[in-house]
Amino acid sequence: MIKAILIFNNHGKPRLSKFYEHYNEDTEQQIIRETFHLVSKRDENVCNFLEGGLLIGGSDYKLIYRHYATLYFVFCVDSSESELGILDLIQVFVETLDKCFENVCELDLIFHVDKVHHILAEMVMGGMVLETNMNEIITQVDAQNKMEKSEVSASLKICYLDQIQ
Amino acid sequence: MSPSVPLQEMIRAIRSARTQCEERGVIQRECAAIRAQFRQTDNGGRSHNLAKLLYVHMLGYPAHFGQMECVRMIASPRYSEKRVGYLGAMMLLDEKQDASLLITNSIKNDLSHSNQYVQSLALCTLACMGSAEMCRDLAPEIDRLLRSSNSYIKKKAALCAVHIVRKVHDLGELFVPSARSLLSEKNHGVLHGAVVLITELCERSPETLERFRKTVPDLVQIMKGLVISGYSPDHDVAGVSDPFLQVRILRLLRILGRNNEAASDAMNDLLAQVATNTDSTKTVGNAVLYETVLTVLDIKSESGLRVLAVNILGRFLLNNDRNIRYIAMTSLQKIVLTDHNAVQRHRGTIVDCLKDQDASVKRRALELSLALVSASNIRSMMKELLIFLSSCPPELRAQAASGIFNAAERYAPSKRWHIDTILHVLTTAGGDVRDETVPNLIQLITNTSELHCYTVHKLYRALLTDISQQPLVQVACWCIGEYGDLLLKGECQETEAVQVTEDDVLDALEIVLQSHMSTPTTRGFALTATMKLSTRITDNVDRIRSIVSIYGSCIDVELQQRAVEYNALFKKYDHMRAAVLERMPVIQKNSLGQTNGELSEEPMKESQPGKVKQEETALPPQPAGQVVDLLDLLGGSQEPLQPGSSVAGSASTQLTAAPTSAGGDLLDLLGGFEPTPLAPAPTVTVYEKNGVTLTLSCEQQSESGLTVTLTASNSTDSDISGFTLQAAVPKSVQLQMRAPSTDCLPAHGGAKLTQLVVLNNPNKVNLKMRIRVSYTCQGSVVQDMVQVDSFPGL
């Protein structure tokens, strides 16, 4: 099971934090800080698996992370997930983000954090991997966005019509 | 106009804040505005406000006031509001909040909504934060959705079912039939969900496992399809067809094939095929191979396949990619107990990984190396482990040190090697060893009498080089105190002789005493060692006397107490000093399994015999009759001894001699010291000789508690002084001796002496007591022993 998915930048500012188990707000912030602290100490050419966190870590849990330019993508998983599989999952996630926002960069994640949440919800649900086919994910996300947009424009039309009358 | 513009403006505002304080200000203003808007009735911008609140929540600011808004948004008919509402519910609500109950109805309605995306929102939220009650309510709905024709919904329903089963185990039964039918789906997403669901069901209940064994052929078929099929653009990841699904199926096959011949046979071919056909140049291929290897090793596979699997792991170990090496070691850890020899073959590579730069790899290598230590490779492995210890990262030190100790304990080829190893560890990582190390090492040293000379020389030299490692210094002080004479003799067969003078030794101990790096415990050790040396050396006794008297006014109460008592030993009881400070008896080695909590009290008692005194505050050191050589008392019976009030030096001897009895129930610390009145209960005379009479009476205080009063009187013509009593009781009985009322018995029965003994007999064993009487009469010391087998009034 995946316990948490965190994205933060090289200075530790959180860009996305999704917890699949409940912690209170202070603990969540502490976890982000502790994870950043552990992950930022790592060299460039060491392996992508980390153990030894205290708050969200423990004997059964590992942190699997990948560093892309200015962002760290960290998944905290327990032993029921395949470590190499999660590494690939991170890769698929980033590629999906890249397709959804053309050439994704950190600013995209900052200003469209809700969209990133919706994309992630199509991939991981309840701490378990849901869908790994990039095209399938993108299709669903696009359909949902279209639905949302059509609703907004419909309500705008109504407001406009009200105003005219 | 995209719906999130106001959110983006706020984000821009927050980012432009230059200090933390400014940012807090911006966020507080925004939160106030959001709160005000929540209180208003419906306006078009509700979803924006909640989105803003969620952003603020991610940054770490309180957002609980948004919970009710989430509930309202979820109930709204508009999709955009529902979307944000459900997202908010996942982030802000959990089972402990009352508001989460309110969304149960909305979720129920949305699960039957016509729009699949609304259904999926509800499923997603239920899977993330559904409480047990919600799961129970909605489980039938989920089961219905598992049978729907929409694969998008089916895959989400499958994972939702997994969450439900995790929350409420009994509901697993409900999903078994649907799970079975899902296996015939073509859609990979649904298949994936189905396999996860079946895995969860099988892990929870063995009966379900039995039923799902029949699906092994189907699973094998699906896998074959994935492995053999050519390139399929949909699910391809770097050349491997849907590796996620392959890994899941392999894991399920592992669970189904465990301990079952028939199922394992059905899988053998498939596993061989996967192992040989998968491309291992990319990470994905390795993920599948790794899972295959674990499966092969866990089921009852044929031997050829097992060899293949271990070879693949060996190849992984030699891979340049650190990730692969890490994974290989993780899997070797899982099989080291069952396939020990196979893993031993790779010992060299594993030991090399100890030197890798990567801390994660080092951690894995350390655990594996410790598991691979055996009697045949102990010497070479220990060399490597000690090198590792000197350069390892600080977070692994404690684990490495304790692992090394365990290994040395189990497989030490010789005592000398064992002692050397422990000393090496103490010098390199002394700060990270556990507390029991000091008494364990002392016990080991006393047991190795032939190496006392060697040990004390080595320790002395170690002490001279470095006094910062506290455990090492403590052991060194203790040894120098005990075996100082061997040190001064100068010659030693095992190591080169070094001429050490008495002054050198005392200098070393004084440095320890005065150093700011020494903890109070260490100082205590050093002071006692100095005192012991007073009988082992000849010339510098005055120097010792002066050191000891200086500490008589030390601020630390422990040291002061010791110093005062040692001073008394010099002044009033000089004739006893030799007896009090003689060599310790050999401590019986407790077997490994008996290290109980009490054993760790040993060092406390060892190093702080004065602690015993702290509870009695200013008890004057008890005079003669406390002949310390208790071996005959203990040798005769296997009962732990509870001493009466005693001198500090003798206390340490007695207390450490106590564990001599097998199983060493350690002593209760001496209790209070208020003199208690004589108990009027029935008395019996237990001892009568040479005019000295001892009577005993007892009173039952509680279920298992008993108070025994001993009364002594003297009917001879001369006064008796230094009268003391010591008592020993059976192992399971706890004994506490209170201070005696006096220690002098005037002649002709002028006054009586009483001493209270409190017993606790929780196991209700047959109560016996052995009492030793000692006193001085007319200048001669008399000692006697009596056994009491029956207690009056019991």
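Visitor: Where is Asn103(A) placed?

Guide: Asn103(A) sits in the loop between α2 (83–100) and α3 (106–111) of chain A. The model is a predicted one.

Visitor: Why is Asn103(A) called exposed?

Guide: Its relative accessibility is 63%. Exposed means over 50%. Asn103(A) therefore counts as exposed.

Visitor: What is the phi of Asn103(A)?

Guide: Phi of Asn103(A) is near 50°. That is a positive value in a residue other than glycine.

Visitor: And where is Asn259(B) found?

Guide: Asn259(B) lies in the loop between α14 (243–257) and α15 of chain B. Its phi is positive, about 60°, although Asn259(B) is not a glycine.

Visitor: What makes Asn259(B) exposed?

Guide: Asn259(B) has 63% relative accessibility. The cut-off for exposed is over 50%, so Asn259(B) counts as exposed.

Visitor: Which residues gather in the patch of negative charge on the surface?

Guide: Glu261(B), Asp265(B), Asp269(B) and Glu302(B). Of these, take Asp269(B), which belongs to helix α15 (residues 261–277) of chain B.

Visitor: How do you know that Asp269(B) is exposed?

Guide: Asp269(B) has 61% relative accessibility. Exposed requires over 50%. Asp269(B) therefore counts as exposed.

Visitor: Now the rings. How many aromatic pairs does the structure hold?

Guide: Nine, over all chains. Phe19(A) and Tyr23(A) make an edge-to-face pair, with centres 5.8 Å apart and planes at 70°.

Visitor: Why is the pair of Phe19(A) and Tyr23(A) called edge-to-face?

Guide: Rings pair if their centres lie within 6.5 Å, and these centres are 5.8 Å apart. Planes over 60 degrees apart count as edge-to-face. The planes here are at 70°, so the label holds.

Visitor: Are Phe19(A) and Tyr23(A) buried or exposed?

Guide: Buried means under 20% relative accessible area. Phe19(A) has 12%, so Phe19(A) is buried. Tyr23(A) is at 14%, so Tyr23(A) counts as buried.

Visitor: What makes the pair of Tyr68(A) and Phe73(A) edge-to-face?

Guide: The ring centres of Tyr68(A) and Phe73(A) are 5.6 Å apart, and the planes are at 85°. The angle needed is over 60 degrees, so this pair is edge-to-face.

Visitor: Why is Tyr68(A) called partly exposed?

Guide: Tyr68(A) has a relative accessible area of 23%.

Visitor: Which residues form one aromatic cluster?

Guide: Phe8(A), Phe36(A) and Tyr72(A).

Note on methods
Residues are numbered from 1 along each chain as its sequence is written. Chains are lettered from A and ligands numbered from 1 in the order in which they are written. This is a predicted model: local features need pLDDT of at least 70, side-chain atom pairs count only at pLDDT 80 or more; totals for chains, interfaces and linings use all residues. Side-chain values use heavy atoms; hydrogens and water are left out. Patches are made of residues with over 30% relative accessible area and no salt bridge: like charges are joined within 9 Å, nonpolar side chains (Val, Leu, Ile, Met, Phe, Trp, Tyr) within 5 Å. Accessible areas come from the Shrake-Rupley method with a 1.4 Å probe; for residues, only the protein chains shown count as cover. A salt bridge is a side-chain nitrogen of Lys or Arg within 4 Å of a carboxyl oxygen of Asp or Glu. Lys and Arg count as positive and Asp and Glu as negative; His and the chain ends are not counted. The place of a charge is taken as NZ of Lys, CZ of Arg, CG of Asp or CD of Glu. Helices (H or I, at least four residues) and strands (E, at least two) are DSSP runs, numbered from the N terminus. Buried means under 20% relative accessible area, exposed over 50%, partly exposed in between (1.4 Å probe, protein chains only). Rings of Phe, Tyr and Trp (its six-membered ring) pair if their centres lie within 6.5 Å; planes under 30 degrees apart count as stacked, over 60 as edge-to-face and the rest as tilted.
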